[in-house]
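Trainee: I would like to check some labels against their cut-offs. Can we go through them one at a time?

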Amino acid sequence: MKETPAAGAGRQPTELPAGLPEELPADLPDDLTPEQLAAQWEEEKPPAAGPLANAASSLAVLGVGIGALVLSVAMGLGTPSAPQPGLWPFIISCVMVALGLFQLIAGRHNRDAEKFTRMSTAPLTGLVTLAAMVALMPLIGFELPALVLCIIWMRFLGGETWRSTLLISTIVVAAFYGIFVLALGTSIPHLF
């Protein structure tokens, strides 16, 4: 049994599992208390967004919610006993509008929101590529757009290696093809 360097005084020696190095790297932190860990996280977090960014994000949620409200009413609401296609989107839109208003009024003093950075565009990139896939599916099937979508999401948004990106993207598209086209026989547009 060996005592690890990170172990504090008064602790019992611990036995290292087979295959681990005898010495631990010197850059490993000692055991941190919850307060020390919280202070370390506070130092490493991105800068606060500020009231203008909080208001802008609240207005964006409010705008999407109002747009969805208009579209859901145009689809028809119906009644709870005989709902039409717009009923559930209408309810969700109402919740979005309420949350957007609440955040606009009460959340402007929020200090937990993070400043927009380069990584803030990742959700927008994901949304745009997903919309492009949906638009291309009826024209060329789902296989190629889904493959490109997986590659963009894994490599450029997720930072995966090219090897894992290409392998997993191919497996995902093949699995979807096997499930939805071969096994279930759905009417999803496909090339093959």
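Trainee: Why is L136 called partly exposed?

Mentor: Buried means under 20% relative accessible area, exposed means over 50%, and partly exposed lies in between (1.4 Å probe, protein chains only). L136 has 37% relative accessibility, so it counts as partly exposed. This is a predicted model, where local features need pLDDT of at least 70, side-chain atom pairs count only at pLDDT 80 or more, and totals for chains, interfaces and linings use all residues. Residues are numbered from 1 along each chain as its sequence is written, and side-chain values use heavy atoms, leaving out hydrogens and water.

Trainee: What makes S58 buried?

Mentor: The relative accessible area of S58 is 2%, therefore S58 is buried. S58 lies in helix 2 (residues 51-75); helices are DSSP runs of H or I with at least four residues, numbered from the N terminus.

Trainee: Which residues does S58 touch?

Mentor: Leaving aside residues up to four places away in sequence, S58 touches G100, Q103 and L104. Contact means heavy atoms within 4.5 Å.

Trainee: Where is L136 placed, and which residues of helix 4 are buried?

Mentor: L136 is in helix 4. The buried residues there are A122, G126, T129, M133 and M137, and what covers them includes helix 5 (143-157).

Trainee: How do you know that the span of helix 4 is close to the expected one?

Mentor: The expected span is 1.5 Å times one less than the number of residues. Helix 4 has 19 residues and reaches 26 Å from its first C-alpha to its last, close to the expected 27 Å. Helix 4 is followed by G141, with a positive phi near 85 degrees.

Technical notes:
Helix = DSSP H or I, 4+ residues; strand = E, 2+ residues; numbered from the N terminus.
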